[in-house]
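I opened a new page for this structure today. My plan was to look things up one by one and write down what I found.

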Amino acid sequence: MTNFYQLPHERLRAYQEARRLLECIRDAEISDCRLRDQAIRAGTSACLNIAEAVGRTSLADRARVLAIARGEGCEAGAALDIALAAGRCRPGVALAGAGHARAVYALLTGLIRRPG
């Protein structure tokens, strides 16, 4: 059954993966409050920029916003990696988050390169 009330960005796998990344950041329980805040802000920004890009009409503008989302996804993944290396989070959740960060990067790269 089709959900006619779903917003366009919610159908994108990139958005779904970015949202899972954000959930992993939350569930990783990063003990360093500054690193946790940075990770949450980056993960949130990745989600929001993907949603914003869907609403853009110019292909160049859309690609620019998706590139920002890709960078934020990389930052969120790096924050999880740093927390893991420092022993300041739940390892299993951080590793799952790394997988989502890689997926976000790959999916957004494809969307940026896609002509329309």
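**Entry 1: helix α4.** I noted that this is a predicted model. I began with α4, which covers residues 91–113. At 1.5 Å a residue, its 23 residues should span 33 Å. I looked up the end C-alpha atoms and found them 33 Å apart, which agrees.

**Entry 2: the buried side of the list.** Which residues of α4 are buried? I listed V93, A94, G97, H100, A101, A103, V104, L108, T109 and L111. I then checked what these buried residues pack against: α1 (13–27), α2 (33–54) and α3 (59–85).

**Entry 3: E29.** I found E29 in the loop between α1 and α2. Its phi is positive, about 55°, although E29 is not a glycine. I reminded myself that most residues other than glycine have a negative phi. Is E29 buried or exposed? Its relative accessibility is 54%, and exposed means over 50%, so E29 counts as exposed.

**Entry 4: the cores.** The largest nonpolar core has 16 residues. Those with the most contacts inside it are L21, I25, A28, I30, L80 and C89. I saw that α1, α2, α3 and α4 each supply at least two residues of this core. The largest share, 4 residues, comes from α3.

Leaving aside neighbours within four places in sequence, L80 is in contact with L21, I25, A28, I30, C89, A94, G97 and A98. Apart from this core lies another, of 12 residues, among them A18, C47, A53 and L108.

How values were computed
Residues are numbered from 1 along each chain as its sequence is written. This is a predicted model: local features need pLDDT of at least 70, side-chain atom pairs count only at pLDDT 80 or more; totals for chains, interfaces and linings use all residues. Side-chain values use heavy atoms; hydrogens and water are left out. The expected span of a helix is 1.5 Å times one less than its number of residues. Buried means under 20% relative accessible area, exposed over 50%, partly exposed in between (1.4 Å probe, protein chains only). Contact means heavy atoms within 4.5 Å. A nonpolar core is a set of buried Ala, Val, Leu, Ile, Met, Phe, Trp, Tyr and Cys residues joined through side-chain atoms within 4.5 Å.
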